[in-house]
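Here are some friendly notes to read with the model open beside you.

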Amino acid sequence: MTEPRPEAQYTFRRRGGDALRPDVRVYANLVKGGMLGLTKRSWSGMEHVPLKGPAILVWNHYSDIDPLLVVHYVYNAGRHPRFLLKESILRIPVVGPLVRSTGQIPVKRGSAEAADSLRTLERELAQGHVVIMSPEGTVTKEPDRWPMRGKTGIARLALDSGAPVIPIVQWGALGIHDRKRDPKFKIGRKPVTVRALPAVDLSPWEGREPTREDLAAVTDRIMEALREGLAEIRGQEAPPLFDPRQHRSDESESSE
């Protein structure tokens, strides 16, 4: 039985998942305690997160605090949350070493070392772990916080590893923190929804060396799954995937 009992969603971890070191459990419970005090949770789809074996978990990133919502959900799903994080976060005194000790994976964006991070992710998956990525690589630039086009590293990782890609859609974090609002942070428990979806079907691209066009198509398919799941949560029709490069191009043309 993989569907969690109701109490597993709010108080206890799902049984049968990853064993955690005592220190990792302490840090995870600190995050969980904070989220319990800040959120009124509506969770579903946890049965789509496998209790054992490798998986790539992807989420829609629109708030500075939404990774913590995903940590809470994945931890209660029974897995050890391992994120691909900005390398700069791991340089913060005290916080950085603690975060690194929990198995988080640093990446220097825009550098040759980004490829090393993907190889590290592949090793994590080969060991049967789950890894968590925002395919966009940053908070979405779409004005209404819908997913934008992702980076193709997620496609390469999925096709090379063969690990299932599980979308996790979430909404509500802006009630807690919004960088565009003053004040940015608001105290009090806010309603948040987190939902895991079935693995993305990537079978049309399996078993062959992917072209650049294949990687772009796989990435778009993953982002479309996130977009469609988010549209259901928000109860709105989603726009086409936002392309920040095209947006910059349009702005340049309009200023000429």
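1. A cut-off to keep in mind: a residue is called buried under 20% relative accessible area, exposed over 50%, and partly exposed in between. By that rule D214 is buried, because its relative accessible area is 12%. Please also remember that this is a predicted model.

2. Let's begin with helix α2, which runs over residues 22-38 and has 17 residues. From its first C-alpha to its last it reaches 25 Å, close to the 24 Å expected at 1.5 Å a residue. The buried residues in α2 are V24, A28, K32, M35 and L38. Why do they line one face of the helix? Seen down the axis of α2, the buried residues fall within an arc of 120°, so they line one face. On the face of α2 turned away from the buried side you will find the exposed residues P22 and L30.

3. Next, the aromatic rings. How many aromatic pairs are there? The count comes to three. One of them is formed by W43 and Y73, an edge-to-face pair with 5.2 Å centre to centre and 75° between the planes. W43 lies in strand β1 (residues 39-44) and Y73 in helix α3 (residues 66-76), so this pair ties together parts that are 30 residues apart in sequence. W43 counts as buried because its relative accessibility is 7%, and Y73 is buried with a relative accessible area of 0%.

4. The rings of W59 and F83 also pair: their centres are 5.3 Å apart and their planes are at 80°, so the pair is edge-to-face. Distant parts of the chain are linked here, with W59 in strand β2 (residues 55-59) and F83 in the loop between α3 and β3 (84-86), 24 residues apart. W59 counts as buried at 4% relative accessibility, and F83 counts as buried at 5%.

5. R13 lies over the face of Y75, at 4.6 Å from the ring centre. R234 lies over the face of W171, at 4.1 Å from the ring centre.

6. On to the salt bridges, of which the structure holds twelve. Among them is the one where the side chains of D23 and R21 meet, at 2.8 Å from N to O. D23 is partly exposed, with a relative accessible area of 26%, and R21 is partly exposed at 42%.

7. Are R145 and D178 buried or exposed? Both R145 and D178 are buried. They form a salt bridge, with the closest N and O atoms 3.2 Å apart. R145 lies in the loop between β5 (130-133) and α6 (153-161), and D178 in the loop between β6 (165-171) and β7 (190-196), so the pair ties together parts that are 33 residues apart in sequence.

8. Finally, back to D214, whose side chain meets that of R208 in a salt bridge (3.1 Å, N to O). R208 counts as partly exposed at 45% relative accessibility, whereas D214 is buried. Elsewhere, salt bridges that share partners join R149, D220, D243 and R245 into one network.

Conventions: Residues are numbered from 1 along each chain as its sequence is written. This is a predicted model: local features need pLDDT of at least 70, side-chain atom pairs count only at pLDDT 80 or more; totals for chains, interfaces and linings use all residues. Side-chain values use heavy atoms; hydrogens and water are left out. Helices (H or I, at least four residues) and strands (E, at least two) are DSSP runs, numbered from the N terminus. The expected span of a helix is 1.5 Å times one less than its number of residues. Buried means under 20% relative accessible area, exposed over 50%, partly exposed in between (1.4 Å probe, protein chains only). The arc is that of the directions from the helix axis to the C-beta atoms. Rings of Phe, Tyr and Trp (its six-membered ring) pair if their centres lie within 6.5 Å; planes under 30 degrees apart count as stacked, over 60 as edge-to-face and the rest as tilted. A charge sits over a ring if NZ of Lys or CZ of Arg is within 6 Å of the ring centre and within 35 degrees of the ring normal. A salt bridge is a side-chain nitrogen of Lys or Arg within 4 Å of a carboxyl oxygen of Asp or Glu.
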